[in-house]
Amino acid sequence: MPTRQGPASTITVSPDRCTRQYKTLDIALKRNHYQPDALIEVLHKAQESFGYLEDEVLLYIARQLKLPLSRVYGVASFYHLFNLRPSGVHRCVVCLGTACYVKGASQILSRLERDLQLKVGETTADGEISLLSARCLGACGIAPAVVLDEAIAGQQTPESVAQAVQTWSIHGQSSSLDAPPASPERR
């Protein structure tokens, strides 16, 4: 098995993984001089290259940046923009921060889990929709907030989010343009 050398240590990589993706990641690491404070930038580049941050990639980054794997995993799992599993075509991220939770985020999540027959972190069998949660989106003023694909939708209700997600299944399209406004009582 080939090995890849970096300033931190050696990691064994399966032959099929010695690809353009690792070369792109190596360029990002080198551009940042293997500095631990470049972790988020390196994680973004890794996700851009691989599509998601699988365990092997996280371990590689940890070793190259001389960081504990727990720190790399902690950062990757904290930010909702990082995927630790392959993601569906569409992504619904429900904020569970304090403001969103108090204003009904748990009801939104429960409704989506029931309608999609998924748990948080799972993707539908057809690979169309991933249901995710985030600790905080930083959009407390429009709580409860949900990210529908790449668009943040605020003051959502279980019904408005379920309707938006349903359009993905019916029309096979992104709801960033289709997301209905929140009901008047939530405004």
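I call a residue buried at under 20% relative accessible area, exposed at over 50%, and partly exposed in between (1.4 Å probe, protein chains only). Helices (H or I, at least four residues) and strands (E, at least two) are DSSP runs, numbered from the N terminus. This is a predicted model, where local features need pLDDT of at least 70, side-chain atom pairs count only at pLDDT 80 or more, and totals for chains, interfaces and linings use all residues. Residues are numbered from 1 along each chain as its sequence is written, and side-chain values use heavy atoms, with hydrogens and water left out.

Entry one, helix 1. I looked up which residues of helix 1 are buried, and found Tyr22, Leu25, Ala28 and Leu29. They sit on the same side of helix 1, because they cover an arc of only 115° around the axis (taken from the directions from the helix axis to the C-beta atoms). On the other side, Arg20, Lys23, Ile27 and Lys30 are exposed.

Asn32 lies between helix 1 and helix 2 (39-50) and is buried, at 15% relative accessible area. A polar atom of the Asn32 side chain lies 2.8 Å from the backbone oxygen of Ala28.

I found Cys100 in helix 5 (residues 98-102), buried at 2%, whereas Cys140 is partly exposed at 42%.

Technical notes:
Polar contact = N/O pair within 3.5 Å; in protein donor to acceptor, adjacent residues only side chain to side chain.
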